[in-house]
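Subject: Structure handover

Hello,

Here is the structure I promised to pass on. Please open it alongside this message; my notes follow below.

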Amino acid sequence: MFKFVTIYRRVDDENLLETFFSQTHLPLAEQLPGLLKSEVSRIKGKPGGESRFHLMYELYFESEIAYQQSLMSEPGVTLVQALKPWGENRLITWFYSEAFEEDANR
C-alpha cells in the first residue's frame, strides 16, 4: 500500500485551518481516483505535553503508480495547488510513503 500524508501544524487561527481542511482539502481528496481509504487524526498532544501539530490526514492507494496517476488527475492537480501555499508557509508537512501492516499478535 502507498499513502500520501499531510500534517497540519497548530496555528493561531484554527478556524481558518479547519475551514480549509473541511471545505477544500477533504472534498478534493475524496475525488481522487484510486483512493482506497482515508484517515483523519486530530492530534491531542504528545508525551510530556502539547504537540505543535493539529491534524494528520492520510490517503491510501494500492501502489505508488496509483498514487502518481491520482495526483495527475484534475482533482489531484487542484489539491496540490491548494496545498502548496500551506507547504511554502510551513503550515503543513506533507510526504508520501510505502505503508505496511503487521499483526500485533505476532
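**Starting point: strand 1**

Thr6 lies in strand 1. Bear in mind that this is a predicted model. Thr6 counts as buried because its relative accessibility is 1%, under the 20% cut-off. Leaving out residues up to four places away in sequence, Thr6 touches His25, Leu55, Met56, Tyr57, Leu83, Ile92, Thr93 and Trp94. Thr6 and Leu16 are ten residues apart in sequence, and their C-alpha atoms are 16 Å apart in space.

Ile7 lies in strand 1 too. At 15% relative accessibility, Ile7 also counts as buried. Its contacts, leaving aside neighbours within four places in sequence, are Phe53, Leu55, Met56, Leu91, Ile92, Thr93 and Phe95. Ile7 and Glu58 are 51 residues apart along the chain, yet 8.7 Å separates their C-alpha atoms.

Four strands form an open sheet in the order 2-3-1-4, and the pairing is antiparallel. The edge strands are strand 2 (35–42) and strand 4 (92–98), each of which pairs on one side only. On average, neighbouring strands are turned by 15° against each other, direction ignored.

Strand 1 covers residues 2–9 and strand 3 covers residues 53–61. These two pair in the antiparallel sense over eight bridges.

Helix 1 (residues 14–30) lies across strand 1, strand 2 and strand 3. It runs at about 0° to strand 3. Helix 3 (residues 74–88) packs on the sheet and touches strand 1 and strand 4. The direction of helix 3 makes about 125° with that of strand 4.

**Helix 1**

Helix 1 has 17 residues, so at 1.5 Å a residue it should span 24 Å. Its end C-alpha atoms are 22 Å apart, which agrees. Helix 1 bends by about 35° at Phe21.

The buried residues of helix 1 are Leu17, Phe20, Phe21, His25, Leu28 and Ala29.

Take a closer look at His25, which is found in helix 1. Is His25 buried or exposed? It counts as buried because its relative accessibility is 0%. Beyond residues up to four places away in sequence, His25 touches Thr6, Tyr8, Phe20, Tyr57, Leu79 and Leu83.

**Helix 3 and what follows**

Helix 3 has 15 residues, so it should span 21 Å at 1.5 Å a residue. The end C-alpha atoms of helix 3 are 22 Å apart, in agreement. Helix 3 bends by about 25° at Ala82. A proline, Pro85, follows within four residues.

Buried in helix 3 are Pro75, Gly76, Leu79, Ala82, Leu83, Trp86 and Gly87. They pack against strand 1, helix 1, helix 2 and strand 4.

Next comes Arg90, in the loop between helix 3 and strand 4. Most residues other than glycine have a negative phi. Arg90 is exposed, because its relative accessible area is 66%, over the 50% cut-off.

**The core**

The largest nonpolar core has 21 residues. Those with the most contacts inside it are Phe4, Tyr8, Leu59, Phe61 and Leu83. Strand 1, helix 1, strand 3, helix 2 (64–72) and helix 3 each give two or more residues to this core. Helix 1 gives the largest share, five residues.

Setting aside neighbours within four places in sequence, Leu59 is in contact with Phe2, Lys3, Phe4, Ala29, Leu32, Leu35, Lys37 and Ser38.

Best wishes

Technical notes. Residues numbered from 1 in each chain as written. Predicted model: local features only at pLDDT ≥ 70, side-chain atom pairs only at ≥ 80, totals over all residues. Heavy atoms only, no water. Pairing = 2+ DSSP bridges. Axes fitted to C-alpha atoms, helices over the stretch in contact; angles between N-to-C directions. Contact = heavy atoms within 4.5 Å. Buried < 20%, exposed > 50% of the residue type's maximum accessible area, 1.4 Å probe, protein only. Core = buried A, V, L, I, M, F, W, Y, C linked by side-chain atoms within 4.5 Å. Expected span 1.5 Å × (residues − 1). Bend = angle between axes of the 7 residues up to and from the residue.
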